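Start with the view below, then follow the points by topic.

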Amino acid sequence: MDTDSVYETNPGSAANAGSPAAAEAAEYSALAPGAMDIENDIHLTDERGRINADDEEEEEEDDDEDLVEDDLTILTRAWINERGAPDILEYEGAAIENLMELADFQMQRIPTQPALVANILKMDVDRVKYLVRSYLRTRLSKIEQHARHYTIDPGYRGRMSQGELDYANGFVDLGDKHTQRSFLDQLPPHLRDVNDSGIKGLDMVTKPDLDAAVFCRVRSNVGEFQFEASEDPIVMKRNNLFITRYSIIRNLLEDGKVELI
């Protein structure tokens, strides 16, 4: 039966009284008195559903900012940020400690679980351990590249764990002893200082390139932000993507308002 003809036909009109469509419409109306309004009801329901869905999505986006993130999410974001940033970032010691405790607990449960559950638990534990190892190796690689700078700068010293700081100091000492025995002992005393700024202000201590280009995603609305002094401010909204110099968004990254990708 053609529903359009049902909705468009008036069963009580004289013009359509004898037509087959009119008879069908009369019979349909008798069986389901509210059927004539189904289409309108469906459209209204769809509109309300879309409006409510949009409102719920906006509320969820606002609520997401207030949710407490689990340790795995925190460490995963820190790992990605660490790999993208040219300098060493704040050490996520609490998240690592909690995840390793959880991994040890899961490892103790594995022998008592069925084979399928044991394999799933082992896979999750391996994923956590890989994440922790990769995060720490990324930080150690940065420390080895600019160990002297990180041990001299108080700000960077505060970003490292005690183990990383000991590793950096030991790395610097080994490097100094090697260069001293290799060639520095053969130079005049005034040329043996490895921390000298050098001629024409050239620094002998290598530093990370804070002007390196990075990709970032906005985590929370920042509002107008001045990227360059010669440019107009740009509105940074949540989930916007930007490519810019690291030094420009460095403070936003430390505040958790953006993340590197």
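The buried residues of helix H9 are Glu 164, Leu 165, Ala 168 and Val 172. These residues cover an arc of only 100 degrees around the axis, so they sit on the same side of H9. The model is a predicted one.

**Helix H9**

- An α-helix has 3.6 residues a turn, so residues three or four places apart point the same way.
- H9 takes in residues 162-182, a run of 21 residues.
- At 1.5 Å a residue, H9 should span 30 Å, and its end C-alpha atoms are 30 Å apart, so the two values agree.
- Cover for the buried residues of H9 includes helix H6 (115-145), helix H7 (147-152) and helix H8 (154-157).
- On the face of H9 turned away from its buried side are the exposed residues Gln 162, Leu 174 and Arg 181.

**Thr 179**

- Thr 179 belongs to helix H9.
- A polar atom of the Thr 179 side chain lies 3.0 Å from the backbone oxygen of Gly 175.
- The side chain of Thr 179 also reaches the backbone oxygen of Asp 176, at 3.0 Å.
- Thr 179 and Val 194 are 15 residues apart along the chain, and their C-alpha atoms are separated by 9.3 Å.

**The sheet**

- An open sheet is formed by 3 strands in the order E4-E1-E5, with antiparallel pairing.
- Strand E4 (241-245) and strand E5 (258-260) stand at the edges. Each has a single partner strand, so one side of each is left without a neighbour in the sheet.
- On average, neighbouring strands of this sheet are turned by 40 degrees against each other, direction ignored.
- Strand E1 (residues 213-218) pairs with E4 in the antiparallel sense over 5 bridges.
- Which residue of E4 is the bridge partner of Arg 217? The partner is Leu 241.

**Helices packed on the sheet**

- Helix H4 (residues 71-84) packs on the sheet and touches E1 and E5. The direction of H4 makes about 65 degrees with that of E5.
- Helix H10 (residues 246-254) packs on the sheet too, touching E1, E4 and E5. The direction of H10 makes about 120 degrees with that of E4.

Note on methods
Residues numbered from 1 in each chain as written. Predicted model: local features only at pLDDT ≥ 70, side-chain atom pairs only at ≥ 80, totals over all residues. Heavy atoms only, no water. Helix = DSSP H or I, 4+ residues; strand = E, 2+ residues; numbered from the N terminus. Expected span 1.5 Å × (residues − 1). Buried < 20%, exposed > 50% of the residue type's maximum accessible area, 1.4 Å probe, protein only. Arc of directions from axis to C-beta. Contact = heavy atoms within 4.5 Å. Pairing = 2+ DSSP bridges. Axes fitted to C-alpha atoms, helices over the stretch in contact; angles between N-to-C directions. Polar contact = N/O pair within 3.5 Å; in protein donor to acceptor, adjacent residues only side chain to side chain.
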